[in-house]
Amino acid sequence: RADEQFDMAAGAKLIVDVDFGTVDVSRGADNKIAVNVYRKIDSSNEAKEKEYLASTPLTIVKEGNTVAVRTRHEHRGTNWNWSSNCTMQARYTIHVPSQIDADVSTGGGEITATELSGSCKAETSGGNLKFTRLRGPLQASTSGGNIALEACDGAINIETSGGKIESLAGSGTLNAQTSGGAIAVRNFSGDTKVETSGGALNLENVRGKVVGETSGGSITALVPTPLPGDIKLETSAGRIEIAIPPDAGLDVNAETSEGSVTSELPMVTKRAGREGLQGTINGGGKALVLRTGAGNILIRSTNPAR
């Protein structure tokens, strides 16, 4: 265990670079960084435990206006074969000023960050990521885990190699990618691009340009009024259903290789058929491009009585 506290000036920075464990960074006092660490290895090979802990010491240091928390093996990439049952636990709980830049990396474990106003970078080799009420650019990735955002504002770039992504509220720009999992974005204000190699997309009340792509899954979208920007939705296999405000002006281009295309809103058609529909709604305007390799496409009204 370790407890450290440091007095900090405005514009402080936090660096966390640890071998394993969960990391929780949240707002605390405006002029202090407080670090609490719990770290334990439990195996039947006590000598191996001591060797590992000796070669990966915990260091908590202040350098200028930066606090760095590190536990990394002196020879990175070393493969430790414990030859016995082994449990490795670590928890890093850090309270920081709200105005701070944070750079957090763990070799395996969950990362959470709450109520920070500077830039945030987070990376884990395996674990969930959760960010709440951040006010600044965010760049985050996990090699296997879910990502959750709530009320985050800024330029957001997030990626997981396997897991779902959920974003609720917030503003700025959002670029989200997963190699396998569903993506849901609700009530985000800003241009949004989401991509998954396998999973459904659910996009509700996104106030900005929207690009959504999935290699296998259905897509549902609810468009706010006034119509905020161009929309492009594509799936290799799955149904697309999008609800549009009845007064929206759109240039529509919808196609399916196997299925049907239907619009419940009146259209002036340039090309119409079972597998494709091209034309304008309310005189045209923003672009609406819908593509599926196998599945039906339905354009409906957000007004149930329409």
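Predicted model: local features only at pLDDT ≥ 70, side-chain atom pairs only at ≥ 80, totals over all residues.

Residues are numbered from 1 along each chain as its sequence is written, and side-chain values use heavy atoms, with hydrogens and water left out.

Thr 142 lies in strand β12, residues 138-142; strands (E, at least two residues) and helices (H or I, at least four) are DSSP runs numbered from the N terminus. Its side chain reaches the backbone oxygen of Gly 127 at 2.7 Å. Beyond four places in sequence, Thr 142 is in contact (heavy atoms within 4.5 Å) with several residues, including Gly 127, Leu 129, Ile 147 and Glu 159.

I turn to the cysteines. How many disulfides does a search of the whole structure find? The search returns zero, a disulfide being a pair of cysteine sulfur atoms within 2.5 Å. For Cys 120, the closest cysteine sulfur is that of Cys 152, and because the distance is 8.7 Å, it is too far for a bond. Both residues count as buried: Cys 120 has a relative accessibility of 6%, and Cys 152 has one of 3%.

Next, some backbone features. Ala 151 has a phi near 55°, a positive value in a residue other than glycine. This alanine sits in the loop between β13 (147-150) and β14 (153-160), and is partly exposed at 22% relative accessible area. Ala 169 also is not a glycine, yet has a positive phi of about 65°. Its place is the loop between β15 (165-168) and β16 (171-178), and Ala 169 is partly exposed, with a value of 26%. A cis peptide bond, with omega about 0°, joins Thr 225 and Pro 226. Pro 226 belongs to the loop between β21 (219-222) and β22 (231-235).

Is Lys 209 buried or partly exposed? Its relative accessible area is 44%, so Lys 209 is partly exposed. The residue is found in the loop between β19 (201-204) and β20 (210-214). Not counting residues up to four places away in sequence, Lys 209 touches Gly 190, Asp 191, Thr 192, Gly 229 and Asp 230.

I close with the chain as a whole. Its secondary structure comes to one helix and 29 strands. The C-alpha atoms fill a box of roughly 75 × 45 × 30 Å along the principal axes. Of the 306 residues, 45% count as buried. Among contacts with a separation of 6 or more, 42% are between residues 24 or more positions apart.

Key
Buried < 20%, exposed > 50% of the residue type's maximum accessible area, 1.4 Å probe, protein only. Polar contact = N/O pair within 3.5 Å; in protein donor to acceptor, adjacent residues only side chain to side chain.
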